[in-house]
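I opened this entry to look up a ligand shell, a loop residue and some helix packing. My notes follow the structure.

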Amino acid sequence: MTVTPKSVYVKTYGCQMNVYDSERMRDTLKAMGYVETPVPDLADLVIFNTCHIREHAAEKVYSELGRMKRLKKEKQESGGEMLVAVAGCVAQAEGAEIIRRAKTVDLVFGPQTYHRLPDLIARRLKTGDAIIETEFPAEDKFEALEQQNGHRVLNRNVSAFLTVQEGCDKFCSFCVVPYTRGAEFSRPPSQIEREARRLADAGVREITLLGQNVNAYHGEGLSLAGLIAKLSHISGIKRLRYTTSHPRDMDEALIEAHASNPKLMPFLHLPVQSGSDRILKAMNRGHGIDYYLETVSKVRGARPDMALSGDFIVGFPGETDTDFEDTLTLIEAVGYASAYCFKYSPRPGTPAAEDPDQVPDEIVAARLARIQTLIHAQQTAFNRSCVGRTLPVLLEKPGREQSQLMGRSPYLQPVHAIGQKAQIGAVLEVRIDSVGTNSLSGHIELVEA
Ligand code: 5AD
Ligand code: SF4
């Protein structure tokens, strides 16, 4: 007798930590016999791994859930049952409210409980009741996942994420992360190393170490610099990156690692959020502009070609024209290779949301347009500066056009070049011939050293 496998559809919103969490859920579900389907129609299980960082991100989930009502009915009519799960930070923040607003939902679980997925599914199927699991459990999620999945690492690409640190104790006054992801926690180095070796064995060549505050990593007394040194010994791993860093945690050892470790890539995402000391104070960032600029100059002292990226919030409560101009001045002074700019979004439960001095939307929209123009100009200038240079590119996958490969420069720019599939996974020298809107094109010059 052949048994039709159950199918699962996973949709991920938000940050790279969510991408990582979705991968781990996929591993667990595959071990349970689920196969992945690219569309939610007729799936046995639909998971929305959600983001709560800005209002817009959270609302997108509710509109998707509305659509699921009809799909769930169609599945029932075909004699089956579709379970709809909401995971991630919206689940953590809104809990039972999700079931009240969207009756189609069967499972709600937060970022710290997704390792319990097999049990949650079994309980839901047995009792027929919706299940909400949003506490911060005492057991080690990563330990549990490792036991569930054993040595299975499935379908990883050349480049993979690895969460090493979670949560945040910084409490920036605009941010929900300390509430949805919880207190800061660093995974033990040995557990991380085992996972990195498994990834390398599965063909991964680049690992991006993830954490909301990744450079606050302090697993069993080891700093992020120490962890990077440890992982650099894995021969299959050719490149290491880490994100997202807080300026306050950019310690000397980490800066020095950029000078001495050739596997550590010269790209640093170092959000500053605003260029005004007054606003930084109101944001509870714990540092000022001078400190940020000094950190940037130390990092560039260690690695002169370091490409910087950042996050900026415009229209934080009380932000004046002068504060905003200060942000533009800071951007000019730093020179970013790329950056994300967001309209301030008041998040329930955060101190800044209570501030009566909210900036009117038209002003925020105008500021966003200006900051984006400046960032775009800097990004274009940076990309253009690469034309004529030969860069080592890690080839990741086939490109959209025939015989074309897609890879990444050390500075995280996508690079397209004609090549063969067998070259995927190699770092090859690519001469950059031209730039597109967001990517570089070139030709492979040399075979791997
Ligand atoms: N409004 C707008 N942007 C925010 N971010 C975090 N919280 C908010 C908010 N309430 C941005 C910050 C952070 C990035 C991940 O999201 O810039 O660095
Ligand atoms: Fe949020 Fe600030 Fe923590 Fe980053 S450092 S996750 S912005 S509270």
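For the class counts, I took Ala, Val, Leu, Ile, Met, Phe, Trp, Tyr, Cys and Pro as nonpolar, Asp, Glu, Lys and Arg as charged, and the others, Gly among them, as polar. I also noted that this is a predicted model.

**Ligand 2.** I listed the residues around ligand 2: Cys168, Lys170, Phe171, Cys172, Phe174, Cys175, Val177, Pro178, His246 and Arg285. I sorted this shell by class and got 7 nonpolar, 1 polar and 2 charged residues.

**Ser276.** I found Ser276 in the loop between strand 12 (267–269) and helix 11 (277–282).

**Helices 13 and 14.** I checked helix 13 (residues 321–334) against helix 14 (residues 361–384): their axes come within 11 Å and cross at roughly 5°. Helix 13 is therefore roughly parallel to helix 14. From helix 13, the contact uses Asp321, Phe324, Glu325, Thr327, Leu328, Ile331 and Glu332. Helix 14 supplies Arg367, Arg370, Ile371, Leu374, Ile375 and Gln378. I counted 6 nonpolar, 2 polar and 5 charged residues in this contact.

**Helices 10 and 12.** I then took helix 10 (residues 252–260) and helix 12 (residues 289–302), which pack at about 35° with axes 7 Å apart. Glu252, Ile255, His258 and Ala259 of helix 10 meet Lys298, Val299 and Ala302 of helix 12. I logged 4 nonpolar, 1 polar and 2 charged residues for the contact of helix 10 with helix 12.

Methods:
Residues are numbered from 1 along each chain as its sequence is written. Chains are lettered from A and ligands numbered from 1 in the order in which they are written. This is a predicted model: local features need pLDDT of at least 70, side-chain atom pairs count only at pLDDT 80 or more; totals for chains, interfaces and linings use all residues. Side-chain values use heavy atoms; hydrogens and water are left out. A residue is near a molecule or strand if one of its heavy atoms lies within 4 Å of it. Helices (H or I, at least four residues) and strands (E, at least two) are DSSP runs, numbered from the N terminus. Axes are lines fitted to C-alpha atoms, for helices over the stretch in contact, and angles run from 0 to 180 degrees between N-to-C directions. Angles under 35 degrees count as roughly parallel, over 145 as roughly antiparallel, 65 to 115 as roughly perpendicular and the rest as oblique. Contact means heavy atoms within 4.5 Å.
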